[in-house]
Amino acid sequence: MHRLRLVSTAAAIAALSFGIVACGDDDDSDSGGSSGEDVSDASFDLNVGVLVPQTGDLSAFGPAGEKAANLAVEQTAAALEEAGADGITIEANVEDSQTEPAAAQSAATKLISGGSNCLIGPWSSGETVPVGRSVAAREQIPLISPSATSPALSELPDDGYVFRTAPSDALQGQVLADAMEEEAGLDAVVSVAARNDPYGEGIAEEFTAAWEDKGGSVTSNSPVLYDVELSSYNSEASEIVADSPDAYVIIDFEEPYNEMGAALARTGDFDASTMFTADGLAFEDGIPDSIAPDSLYGAHGTRPATPESDIGKQFDTDFSDAEPADVKRNSFDSQNFDAVTLCALAAVAAGSNEGADIAEQVQAVGSAPGDKYDYTTMGDAITALQAGEDIDFEGVSGSLDLDDNGDPILGTYDIYEYDDKGVFSVTDQVEKESGE
C-alpha cells in the first residue's frame, strides 16, 4: 500500500490547534452549500481510498491511474489552502485491486477499515459490481469508478452509493457502431465476441443492438462469449471466424486476448485489420509483447477520452511535471483525476467526511445550476461552496453531469487505430449524449 498525505499549511495548523472534527456543522440553516447546512467553518479530515490495478489484466493502466489520483490530491490540497479552508485536510491511501473481484472487495474493505471516506475505483466492471453492491452500499461509502463502463452498473442495487466518471457502454456501443459503419459500411456482416464478464458482455450487447438498429447484420453465433481462464481458445476462435465475417468486434483485456488473439491468428481466416475493439485493448505506449502482432496490428477501436480543450492541455502539462516522471498518460487517467476531485468537492459541499453526506452531494457539485469551475479554479469553487453557492464543476475528462444512476450524461470518445507496425494513433474524437 502506498500512502500519500497532503495538507495545506493552514489546515495543518488548524488541525493541531483545534482538532479535526469528523463531520460538518449541524446547524439546519439554509445559508450554506448544496446540503442546506452552514459549511463555511466545516472541519474534517478526508481520506480517499484509491483502488487501482497494479497487477492483473489491467495492470498496464495502473501506474498512470495512481499518478492521476495523487495529482488530484495535490491539486485539492493547494485549492483548500488557496480558499482558506483551514479545517479541511485531504489524504489518499492506495490499494491494488488486482483486476480481480474478490481481491478488489478485500482491498476496498481494508481501505474503509483504515478510515477511507470514499472509494475511487476499482477499474473493471467485473470488480466494481460486487464492490459497489457488497462493500460501498453496505458500508454507506460512496464509490466513484473512473473506468467501469458496463451498462449493468446503471441498475445496480447500490442505494445511491455508486457513481462513475466514464460513461456507460450503452454510449460506447453506439460509438463503436458508428465507427464500424464509417470504416466497413452497413453491408458488412460482423462477428461479435467478448470476454464473458459485465464489461465484455455489456459492450457486445450494446454494439449489436446499435448495429442492428442501423440495419447491419451479425453472424449467426454472435456474440461468442468466452471464459477468461480457459486452457485453450482454439474452439472459440473457430466459432468467431465461422461464416466468413467481413469484420469483427472483439472486446477483451490483454489477458486472455494474448491467448485468444494467437488462436485467431492460427485459424488462418482472421484479419486483424478488419477488427474493432474498445478501451481494454487500447495500448497507447505500445502493444504488450504478450500479444501476437498479427492479432492486433491494423485494428481499430474506441475508448473514453479527454476532450481536446485548454483544460486538457493544462492537465497534460501538470501530469507530465508530476512524479513519478517516467509514468506517462494512459486511458482513464483523467477520469481517475476527476473521480478524486468529485469526492473532495462533494465533501466540501456537505461540510462532512461522512460517506452518506458525501454521496448526497456527488451529483450536485458536477451539475447545473451553478457557475462553472474546473480544477485550475478549484480554490474559487471551494470558496463558492463554503459561501453557500451552487457550482457546476467541469472535469478534465469532460462534463461531470451525472444522471440519477450516477452515470455521465455526455461521453467523449477517441477513435484509434494501430498501423501495420503496431503504432497507436488517435484518428478522430467524437461526443455522444445519452438519448441521442
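These legends describe an overall view and several close-ups of one predicted model.

The model is predicted: local features need pLDDT of at least 70, side-chain atom pairs count only at pLDDT 80 or more, and totals for chains, interfaces and linings use all residues. Residues are numbered from 1 along each chain as its sequence is written, and side-chain values use heavy atoms, with hydrogens and water left out.

Figure 1. Helices (H or I, at least four residues) and strands (E, at least two) are DSSP runs, numbered from the N terminus. Along the principal axes, the C-alpha atoms fill a box of roughly 70 × 40 × 40 Å. Of the 436 residues, 58% are buried. Buried means under 20% relative accessible area, exposed over 50%, and partly exposed in between (1.4 Å probe, protein chains only).

Figure 2. Among contacts with a separation of 6 or more, 71% join residues 24 or more positions apart. Contact means heavy atoms within 4.5 Å. The accessible surface comes to about 16,200 Å². Carbon and sulfur atoms hold 43% of that surface. Areas come from the Shrake-Rupley method with a 1.4 Å probe; for residues, only the protein chains shown count as cover. The protein carries 17 positive and 84 negative side chains. The centres of the two sets lie 6 Å apart. Lys and Arg count as positive and Asp and Glu as negative; His and the chain ends are not counted. Each charge is placed at NZ of Lys, CZ of Arg, CG of Asp or CD of Glu.

**Figure 3. Strand E12 (residues 300-304) is mostly covered.** Here 5 of its 5 residues are buried. His-300, Thr-302 and Pro-304 point one way from E12. Gly-301 and Arg-303 point the other way. Strand E11 (residues 275-277) runs parallel to E12, joined by 2 bridges. Strands pair if DSSP finds at least two bridges between them. Phe-276 has His-300 in E12 as its bridge partner. Strand E16 (residues 410-418) runs antiparallel to E12, with 5 bridges. Ile-415 in E16 stands opposite Thr-302.

**Figure 4. Strand E7 (residues 189-195) pairs with E8, with E9 and with E10.** Of the 7 residues in E7, 6 are buried. Strand E8 (residues 217-218) pairs with E7 in the parallel sense over 2 bridges. Val-189 faces Ser-217 in E8 as its opposite residue. Strand E9 (residues 224-226) is also parallel to E7, over 3 bridges. In E9, Leu-225 is the bridge partner of Ala-194. E10 is joined to E7 by 5 bridges and runs parallel. Ile-250 in E10 stands opposite Ala-193.

**Figure 5. Three strands form an open sheet in the order E13-E14-E15, with mixed pairing.** Strand E13 (371-373) and strand E15 (398-399) stand at the edges, each with a single partner strand, so one side of each is left without a neighbour in the sheet. Strand E14 (residues 391-395) and E15 are antiparallel, with 2 bridges. Ser-399 in E15 stands opposite Glu-394.

**Figure 6. Leu-80 is buried in helix H2 (residues 62-83).** Its relative accessible area is 3%. Leaving aside neighbours within four places in sequence, Leu-80 is in contact with Ala-85, Ile-88, Ile-90, Val-348 and Ile-382. Glu-183 is 103 residues from Leu-80 in sequence and 48 Å away in space, C-alpha to C-alpha.

Figure 7. Most residues other than glycine have a negative phi, and most peptide bonds are trans. The bond from Gly-121 to Pro-122 is cis, with omega near 0°. Pro-122 lies in the loop between strand E4 (118-120) and helix H4 (125-139). Glu-255 and Pro-256 are also joined by a cis peptide bond, with omega about 15°. Pro-256 is in helix H8 (residues 254-267). Thr-99 has a positive phi, near 50°. Thr-99 sits in the loop between strand E3 (88-96) and helix H3 (101-113). Thr-99 is buried, at 12% relative accessible area. Ser-244 also has a positive phi, near 50°. Its loop runs between helix H7 (234-241) and strand E10 (247-251). Ser-244 is exposed, at 64% relative accessibility.
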